[in-house]
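Hi everyone, thanks for making time.

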Amino acid sequence: MTVSFTAPTLETERLILRTPKAEDFPALRAFFASERAAFVGGPVEDERSAWRILADATGMWVLRGFGSFIITRKGSDAALGLTGPWYPASWPEKELGWTCWDEDIEGTGIMFEAASAARDFAFRTLGWDTAVSYIDGDNTRSIRLAERLGAVLDRQASGPHEDDLVYRHPKPEAAT
């Protein structure tokens with residue numbers, strides 16, 4: 001039996017955001033095996049656990065009709081990271097998440113560009129009324145990105161993990 005679904009591809013000035021595929025596994029595996037994944041459940045030592053992360057990202061599209069996008073540069077299909085709407089059954093609220101797999105793109109604005117497109121997709125296309133980002137308090141790069149996106153710390157909200165900071169994203173003007 002084949003399960004099929006139609007998912008959008010988003011395009012920005014420099015990027016293509018597309019659904020995950022099996023060919024993204026080596027990049028995902030390398031990121032999640034590294035200390036860079038410490039704020040998102042890593043490092044993950046075994047291949048099986050890393051594969052499940054990719055399967056979760058892919059399955060969200062089938063189960064929810066939305067999910068995270070793989071970030072690629074125009075003209076290259078190499079996976080640089082992941083961003084997009086995320087809402088597992090155990091999450092208190094719908095989240096806009098991101099992970100930067102390629103440290104060479106840090107500080108280039110690529111993650112901001114990708115997360116902005118994903119946020120706009122969640123509000124404008126999916127019709128979300130609100131979105132949060134759950135961030136470890138020690139993850140300063142992620143906090144800076146959330147703030148650059150216009151998100152503000154919501155001290156009244158709680159995340160799926162005890163120590164999560166919850167950053168609430170404003171609705172883009174055209175989506176209000």
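This is a predicted model: local features need pLDDT of at least 70, side-chain atom pairs count only at pLDDT 80 or more; totals for chains, interfaces and linings use all residues.

Is Phe 39 buried, exposed or something in between? With a relative accessible area of 38%, Phe 39 counts as partly exposed, because that value falls between the 20% and 50% cut-offs. And which residues does Phe 39 touch, leaving out those up to four places away in sequence? Those are Asp 136, Asp 138 and Asn 139. Along the chain, Phe 39 and Ile 135 are 96 residues apart, yet their C-alpha atoms are 7.9 Å apart in space.

H1 and H2 pack at about 120°, and their axes are 10 Å apart. The crossing of H1 past H2 is right-handed. From H1 we have Phe 25, Leu 28, Arg 29 and Phe 32, and they meet Glu 47, Ala 50, Trp 51, Ile 53 and Leu 54 of H2. That contact is made of seven nonpolar residues and two charged ones, with no polar residues.

Last stop, helix H4, residues 140–148. Its buried residues are Ser 142, Ile 143, Leu 145 and Ala 146. They span an arc of only 160° around the axis, so they lie on the same side of H4. What do they pack against? Strand S5 (95–100), helix H3 (110–125), strand S6 (131–136) and strand S8 (164–169). After H4 comes Gly 150, with a positive phi near 95°.

Methods. Residues are numbered from 1 along each chain as its sequence is written. Side-chain values use heavy atoms; hydrogens and water are left out. Buried means under 20% relative accessible area, exposed over 50%, partly exposed in between (1.4 Å probe, protein chains only). Contact means heavy atoms within 4.5 Å. Axes are lines fitted to C-alpha atoms, for helices over the stretch in contact, and angles run from 0 to 180 degrees between N-to-C directions. Helices (H or I, at least four residues) and strands (E, at least two) are DSSP runs, numbered from the N terminus. A crossing is left-handed if the near helix is turned anticlockwise from the far one by less than a right angle, and right-handed if clockwise. Ala, Val, Leu, Ile, Met, Phe, Trp, Tyr, Cys and Pro count as nonpolar, Asp, Glu, Lys and Arg as charged, and the others, Gly among them, as polar. The arc is that of the directions from the helix axis to the C-beta atoms.
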